Amino acid sequence: MATQAQERAPRAAAREVPQRNEEFAHLTLAALREYRRTLGQEETRVSYWRRLIQARMDLIEMQGGDDTVRLERLRQALAETRVGEGRRALVEIMPIEDAPPLPDLGGLWAREVDGTDLGAVAELKHELSFAELQLSAYRAALHRRLSGATTELIARYREEPRLALIALPLPPG
């Protein structure tokens, strides 16, 4: 019967050792950690907007009667949130060439259409669908960047394990 260590050995050997990436060489460890944290926050905002766009498409399907009043209140409450601010901060740290342009999400969310104008409703649905695709592509680009930053952190920690101690919280006092 194999021991746990023997069972783990093939899996550990199959793992790729993280390698340093020149793309991150200009970042200090603190800047790399901040970049990774910022990427995570931006991914959260993008995921939220994506869900909102999907919800708006669902609401358009249900539009009419009392739902119109609820839709208007919901649209007004959420129209001020913007996804682009985090993106600008990310580009200042490291350009994101693989990220697609983002639509005007606030304007798209707040846009009102007459539910009886089938052409306007169809156009809004099309634009919402396209925005959802753009957000998905941007989110995928963020995931690639997040994975790269994580790999870089792991590679630095493997090279100099003491660096990992910096991430630990200090004891009180």
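Which backbone oxygen lies 3.3 Å from a polar atom of the side chain of R56? The backbone oxygen is that of L108. R56 itself is part of helix α2. Its relative accessible area is 0%, so R56 counts as buried.

**The chain as a whole**

The model described here is predicted. The protein chain holds six helices and zero strands. Read from the N terminus, the order of its elements is α-α-α-α-α-α. The chain has 173 residues, and 31% of them count as buried.

**Helices α2 and α6**

Two packed helices are described by the angle between their axes and the distance between the axes. For α2 and helix α6, which spans residues 118–159, the axes come within 8 Å and cross at roughly 160°. Because angles over 145 degrees count as roughly antiparallel, α2 is roughly antiparallel to α6. The crossing of these two helices is left-handed. The contact of α2 with α6 involves 19 nonpolar residues, along with seven polar and 13 charged ones.

**An aromatic pair**

A pair of aromatic rings is described by the distance of the centres and the angle of the planes. In this model the count comes to one aromatic pair. The partners are F24 and Y35, and their pair is tilted, with 6.2 Å from centre to centre and 50° between the planes. F24 sits in the loop between α1 (4–14) and α2 (29–62), while Y35 belongs to helix α2, so the pair ties together parts that are eleven residues apart in sequence. F24 and Y35 are both buried.

**Residue I154**

Helix α6 also contains I154. Is I154 buried or partly exposed? Its relative accessibility is 38%, so I154 counts as partly exposed. Ten residues along the chain separate I154 from A164, and the C-alpha atoms of the two are 8.9 Å apart.

**Distances in one place**

The table collects separations described above.

| Pair | What is compared | Distance |
|---|---|---|
| R56 and L108 | polar side-chain atom of R56 to backbone oxygen of L108 | 3.3 Å |
| F24 and Y35 | centre to centre of the aromatic pair | 6.2 Å |
| I154 and A164 | C-alpha atoms | 8.9 Å |

Methods
Residues are numbered from 1 along each chain as its sequence is written. This is a predicted model: local features need pLDDT of at least 70, side-chain atom pairs count only at pLDDT 80 or more; totals for chains, interfaces and linings use all residues. Side-chain values use heavy atoms; hydrogens and water are left out. Rings of Phe, Tyr and Trp (its six-membered ring) pair if their centres lie within 6.5 Å; planes under 30 degrees apart count as stacked, over 60 as edge-to-face and the rest as tilted. Helices (H or I, at least four residues) and strands (E, at least two) are DSSP runs, numbered from the N terminus. Buried means under 20% relative accessible area, exposed over 50%, partly exposed in between (1.4 Å probe, protein chains only). Axes are lines fitted to C-alpha atoms, for helices over the stretch in contact, and angles run from 0 to 180 degrees between N-to-C directions. Angles under 35 degrees count as roughly parallel, over 145 as roughly antiparallel, 65 to 115 as roughly perpendicular and the rest as oblique. A crossing is left-handed if the near helix is turned anticlockwise from the far one by less than a right angle, and right-handed if clockwise. Ala, Val, Leu, Ile, Met, Phe, Trp, Tyr, Cys and Pro count as nonpolar, Asp, Glu, Lys and Arg as charged, and the others, Gly among them, as polar. A polar contact is a pair of N or O atoms within 3.5 Å; within protein, one must be able to donate a hydrogen and the other to accept it, and residues adjacent in sequence count only if both atoms are side-chain atoms.
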